[in-house]
Amino acid sequence: MAEATIGGGAEQVSFTEAGLRFEVDGEIATITLDRPERRNAQTFATWSALADIGDTLPGQVRVVVIRGEGPSFSAGIDLRMFTPEGVPGQGSFAAVATLDGPALEQRIAQAQRGFLWLRRPEIVSVAAVQGHAIGAGFQLALACDLRVLADDAQLCMKEPALGLVPDLTGTKPLVDLVGPSRAVEICLTARTVAAEEAARIGLAELVVAPGELTEAVRDLAAALLATPRDAATATKRLLHGAPGRTLEEQSAAERHEQAARVKALFARS
Ligand code: ACO
């Protein structure tokens with residue numbers, strides 16, 4: 001499935017069928033949605049390639065950047081999935097709908113695997129979003145820890161308008177970021193959230209001019225990499241666990257992580 005190319009000191013792999021490119025340069029991995037002629041629409045192959053990348057991510061990688069080639073980050077699921085013919089070689093919703101309930105949920109779980117690894121404590125994932133991020137595109141941006149938006153970015157959770165629910169792991173980060181009321185409003189109206197509003201309501205860490213997106217993400221990656229790896233991993237683990245814990249439980253988690261840090265940094269051998 002993968003054809004390997006080497007270029008510019010970085011190792012690049014092209015997942016042609018999935019419409020992805022994957023590049024590792026030192027501690028930074030870049031996943032590029034690379035089907036600009038279809039506005040980087042996603043298919044089952046895209047999600048399974050994302051899961052493969054997560055499964056085989058080189059151990060030295062600390063920052064994973066997800067970006068899109070062309071004018072849009074991603075126009076969401078490939079709309080051919082909604083036709084009886086589907087996407088060549090990958091079926092259609094009509095075919096998936098013939099599965100029994102557990103098998104259908106298992107199919108969705110496979111797709112979700114492509115998104116879930118982006119929250120691992122050992123890495124920080126950054127979505128670099130220009131233009132449209134619709135449906136699965138918005139959810140892919142939400143699957144990342146951080147979002148840097150070009151000021152032309154337009155986010156839209158279109159699934160409910162199509163009779164579906166957002167199922168590519170996007171609902172929890174959306175609610176965590178904007179709260180349940182705003183999340184209901186965004187999803188059930190399927191309206192477009194522009195970059196300026198996205199930053200204001202917590203959906204983006206940074207908004208920059210489209211021509212500055214690459215450099216802004218590079219600067220952010222450099223700043224993230226300046227923090228010692230083990231401390232960054234432990235801190236991310238701590239922060240991600242916080243919403244599910246009481247203050248006392250979180251304090252205990254802080255003690256636990258810090259004890260390990262202090263021993264690692266100061267214990268004499
Ligand atoms: N699936 C398959 N092909 C797509 C998709 C998609 N999701 N989005 C765009 N394309 C194709 C178009 O058919 C068109 O192909 P063509 O040149 O052969 O006609 C090409 O990409 C360019 O699309 P345009 O619409 O011409 O590009 P424009 O920049 O004007 O608009 C936009 C971009 C707004 C993203 C528009 O294409 C669009 O609305 N796409 C559909 C979005 C959508 O409903 N996605 C599903 C969300 S739900 C989910 O993800 C689960």
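**Figure 1. Lining of the largest pocket in the predicted model.** By class, 16 nonpolar, four polar and nine charged residues make up the lining of the largest pocket. The structure shown is a predicted model.

**Figure 2. Secondary-structure elements and domains around the largest pocket.** At least two lining residues come from each of helix 3 (101-116), helix 4 (136-143), strand 8 (146-150), helix 5 (171-178), helix 8 (213-225) and helix 9 (229-241). Helix 9 provides the largest share of the lining, seven residues. Both domain 1 (3-225) and domain 2 (229-266) contribute to the largest pocket, with at least three lining residues drawn from each.

**Figure 3. The second largest pocket.** This pocket has a volume of about 590 Å³. Of the 31 residues that line the second largest pocket, those nearest its centre are Ile77, Phe82, Phe93, Glu159 and Leu164. The lining divides into 20 nonpolar, four polar and seven charged residues. Helix 1 (44-56), helix 2 (93-96), helix 3, strand 7 (132-134) and helix 4 each give at least two residues to the lining. The largest share, four residues, is supplied by helix 3. Helix 3 and helix 4 also each supply at least two residues of the lining of the largest pocket.

Figure 4. One cavity of 30 Å³ or more is present in the structure. The space within the largest cavity amounts to about 30 Å³. Its lining consists of Ala18, Gly19, Leu20, Leu33, Asp34, Arg35, Asn40, Ala41, Gln42 and Thr46. By class, these lining residues are four nonpolar, four polar and two charged.

**Figure 5. Surroundings of Asp34, a residue of the cavity lining.** Asp34, one of the residues that line the largest cavity, is located in the loop between strand 4 (28-33) and helix 1. Asp34 has a relative accessible area of 28%, so this residue is partly exposed. Beyond residues up to four places away in sequence, Asp34 touches Gly19, Leu20, Arg21, Asn40 and Glu69. Among these partners, Gly19, Leu20 and Asn40 also belong to the lining of the largest cavity.

Figure 6. Thr32 is part of strand 4. The relative accessible area of Thr32 is 3%, and this residue is therefore buried. When neighbours within four places in sequence are set aside, the contacts of Thr32 are Gly19, Leu20, Arg21, Arg67 and Glu69. Gly19, Leu20, Arg21 and Glu69 are likewise touched by Asp34. Ala267 is 235 residues from Thr32 along the chain, and the C-alpha atoms of Thr32 and Ala267 are separated by 43 Å.

**Figure 7. Nonpolar cores and the contacts of Leu203.** Nonpolar side chains in soluble globular proteins tend to be buried together. In this model the largest nonpolar core contains 55 residues, within which Val64 and Leu203 have the most contacts. Another core, of 13 residues, lies apart from the largest one and includes Val126, Ala128, Ala150 and Leu213. Leaving out residues up to four places away in sequence, Leu203 touches Phe138, Leu142, Arg147, Leu155, Leu174, Leu177, Val178, Ile186, Val193 and Ala198.

Key:
Residues are numbered from 1 along each chain as its sequence is written. This is a predicted model: local features need pLDDT of at least 70, side-chain atom pairs count only at pLDDT 80 or more; totals for chains, interfaces and linings use all residues. Side-chain values use heavy atoms; hydrogens and water are left out. On a 1 Å grid over the protein atoms alone, a cavity is a set of points where a 1.4 Å probe fits but cannot get out, and a pocket is an open set with protein on both sides within 12 Å along at least five of seven lines; lining residues have an atom within 4 Å of a point. Grid points are joined across faces, edges and corners, and a volume is the space filled by probe spheres set on the points. Ala, Val, Leu, Ile, Met, Phe, Trp, Tyr, Cys and Pro count as nonpolar, Asp, Glu, Lys and Arg as charged, and the others, Gly among them, as polar. A nonpolar core is a set of buried Ala, Val, Leu, Ile, Met, Phe, Trp, Tyr and Cys residues joined through side-chain atoms within 4.5 Å. Buried means under 20% relative accessible area, exposed over 50%, partly exposed in between (1.4 Å probe, protein chains only). Contact means heavy atoms within 4.5 Å. Domain bounds come from an automatic or database domain assignment.
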